[in-house]
Amino acid sequence: MNDVRSFRELRGAGLYEDRTMQIADMMRLDPCGAFLYTRPPGTGKTVSVSMLDAFYNRRLADDAPSLFEGLDVSRFPQCMEYMSGYDVVRLDLDGLWADYPTYGDFLDAMRGAFARACAPFEETMLRDNYAGTAERVRKILEGEIPEANTHTVFRDLVRTLNRSAGRMPVVLVDGLDRPVAGISDREVRDSAVRFMGAFCKATFKDEPFYMAYVTGTVRADQCCETDVYCDLHNDSVVSDTRGRFGRISGGSEEQYDGVAARMLRESDPSYRDSLGELIGSGTGNASFKRNLLCENLRGGDWSSLQTLLVHTGCLILEGEGEQKTVRVPDEHARDRLRSILRMACQEKQEV
């Protein structure tokens with residue numbers, strides 16, 4: 001399934017893989033909760049965001065009944081009564097992956113994303129304009145207010161929609177880690193991470209929302225201690241790294257392992273030998289991208305592959321400093337690694 005194609009397009013083409021039970025299960029777990037959903041590239045995150053947008057968004061009320069007719073969630077009347085009932089604030093960051101040379105370039109990209117998220121609500125903000133909110137947001141987006149306040153744009157928008165509609169909005173953020181994942185300059189990256197942390201705090205801790213759904217590339221519990229998810233590490237956020245959300249978050253070991261097999265197939269042939277040695281010995285030297293996040297899971301280098309295997313539970317990272325090693329944790333993980341190697345070799349032969 002191609003993540004770039006929207007839920008509407010996939011439904012129209014008869015290609016949508018039904019994951020609408022996410023809606024029912026999230027309502028069961030926490031009807032007014034925040035959900036963090038992290039998966040490798042190409043596993044349906046953007047499609048899930050698009051599906052949730054279509055379900056909750058009151059601006060899409062005319063199309064929603066036909067879009068969800070016959071899907072799993074339609075069997076639950078208690079869920080369907082929430083359909084098309086909310087303003088939906090959607091922030092798309094997935095396309096902001098870049099090696100920004102300066103922090104200013106990063107901020108410009110974020111301002112552009114914020115402006116696109118605010119655009120559908122421009123009339124509402126101008127009409128409400130409580131305490132000059134509309135003017136404040138305009139100045140932030142145009143760079144007329146100090147950069148330290150830029151992260152508050154979403155907070156101000158959520159406040160406005162809550163007052164205007166008398167109902168808290170749904171917040172969707174796709175690709176939270178993407179704007180920082182490609183930055184190579186450490187100083188620029190650290191500043192960008194601090195910005196994203198402040199954004200998360202202002203949006204998900206300081207303000208009320210009906211439901212929030214945030215996607216990212218890799219698992220939050222395997223990131224650095226200081227990362228873009230740090231302000232989502234709290235009891236009010238239901239992460240897919242917890243057992244109670246893992247079942248509903250749309251990913252599976254098979255999906256993870258398929259991505260790993262593709263990476264292995266497209267990489268240097270010696271990496272297959274290296275993986276075979278790792279399976280046999282059970283341990284090996286770590287070649288792990290701990291540089292904030294897994295920077296490029298679409299890459300075919302050994303570090304990217306090993307990083308994916310750690311993030312998805314096939315390997316465990318051990319040690320400190322430069323003395324890190326990886327270990328196969330159990331027989332289930334060993335069997336998964338054998339399956340990945342077998343798929344990569346078979347697909348290579350078929351090509």
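Predicted model: local features only at pLDDT ≥ 70, side-chain atom pairs only at ≥ 80, totals over all residues.
Colleague: What makes cysteine 79 and cysteine 118 count as buried?

Modeller: Buried means under 20%. Cysteine 79 has 3% relative accessibility, so cysteine 79 is buried; cysteine 118 has 5%, so cysteine 118 is buried too. As for disulfides, a search of the whole structure finds zero.

Colleague: Why is the pair of tyrosine 56 and tyrosine 86 called edge-to-face?

Modeller: The ring centres are 5.9 Å apart and the planes make an angle of 75°. Tyrosine 56 lies in helix H3 and tyrosine 86 in the loop between helix H5 and strand S2, so the pair ties together parts 30 residues apart in sequence. Both tyrosines are buried.

Colleague: And what makes phenylalanine 106 and phenylalanine 195 an edge-to-face pair?

Modeller: Here the values are 5.6 Å centre to centre and 85° between the planes; with cut-offs of 6.5 Å and 60 degrees, the label follows. Phenylalanine 106 belongs to helix H6 and phenylalanine 195 to helix H11, so this pair links parts 89 residues apart in sequence.

Colleague: How do you know that arginine 167 lies over the face of tyrosine 86?

Modeller: Arginine 167 is at 4.7 Å from the ring centre, and the distance limit is 6 Å.

Notes:
Residues numbered from 1 in each chain as written. Heavy atoms only, no water. Disulfide = S-S within 2.5 Å. Buried < 20%, exposed > 50% of the residue type's maximum accessible area, 1.4 Å probe, protein only. Phe/Tyr/Trp six-rings, centres within 6.5 Å; stacked < 30°, edge-to-face > 60°. Helix = DSSP H or I, 4+ residues; strand = E, 2+ residues; numbered from the N terminus. Lys NZ or Arg CZ within 6 Å of the ring centre and 35° of its normal.
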